[in-house]
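Subject: Structure handover

Hello,

Here is the structure I said I would pass on. My notes follow it.

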Amino acid sequence: MANSFDNKLNAGIGTADVTVYTPGASVIYTTIIGFTVSNRTSNSVVLDIFVRDVDSTEVYLLKGTTLNAGAATVPVGGEQKLVIKPNQELCVRSDTANSLDSILKTNNNFKFISLKFHQWQYLY
């Protein structure tokens, strides 16, 4: 299995659900190894962070959490990790337009195909 580390940036998250991460087609699963969300406004905001499954089930990491002006929260990092599988997405929303920024650090585990070629030797 091949691994790839990556960062994903999202700026200006507002009142609509924003998918901050979803695994690509060739990914078996992704381990979120760090996730920071910051309030870019001069007022407090209320935010939700959740994982949505293909059947629209939402499981919350944070729900209705107040984030003070200029503050940040780290819902995933240190000893806390989060696995996202294909057909799942990590989402963020706020009660205020254009109020949140996020950075996500991932370790992607890719499928790869190993082909073995056999050499045939013909004896005459």
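Leaving aside its neighbours within four places in sequence, which residues is Asn107 in contact with? They are Asn3, Ser4, Phe5, Tyr29, Thr30, Thr31 and Ile33. Please keep in mind that this is a predicted model, so every value here is computed from predicted coordinates.

Asn107 belongs to strand β9, which covers residues 100–110. Its relative accessible area is 15%, and since buried means under 20%, Asn107 counts as buried. Ile32 is 75 residues away from Asn107 along the chain, yet their C-alpha atoms are separated by 6.5 Å.

On confidence, the chain has a mean pLDDT of 88, and 86% of its residues are at 70 or more. The stretch to treat separately is residues 113–118, where pLDDT is below 50. Beyond near neighbours in sequence, that stretch has 0 contacts in the model.

As for the overall make-up, there are 9 strands and 0 helices in the chain. Read from the N terminus, the order of elements is β-β-β-β-β-β-β-β-β. Of the contacts between residues at least 6 apart in sequence, 81% join residues at least 24 apart. The chain has 124 residues, and 33% of them are buried.

How many aromatic pairs does the count come to? The count comes to 1 aromatic pair. The pair is formed by Phe50 and Tyr60, with ring centres 5.3 Å apart and planes at 50 degrees. Planes under 30 degrees apart would count as stacked and over 60 as edge-to-face, so this pair is tilted.

Are the two partners buried or exposed? Phe50 has 0% relative accessibility and counts as buried. Tyr60, at 29%, counts as partly exposed, because that value lies between the limits of 20% and 50%. Tyr60 has a further neighbour in Lys63, which lies over the face of the ring at 4.4 Å from its centre.

If you go through the model yourself, Asn107 in strand β9 and the tilted pair of Phe50 and Tyr60 are the two places these notes describe in detail.

Regards

Note on methods. Residues numbered from 1 in each chain as written. Predicted model: local features only at pLDDT ≥ 70, side-chain atom pairs only at ≥ 80, totals over all residues. Heavy atoms only, no water. pLDDT = per-residue confidence, 0-100. Contact = heavy atoms within 4.5 Å. Helix = DSSP H or I, 4+ residues; strand = E, 2+ residues; numbered from the N terminus. Buried < 20%, exposed > 50% of the residue type's maximum accessible area, 1.4 Å probe, protein only. Phe/Tyr/Trp six-rings, centres within 6.5 Å; stacked < 30°, edge-to-face > 60°. Lys NZ or Arg CZ within 6 Å of the ring centre and 35° of its normal.
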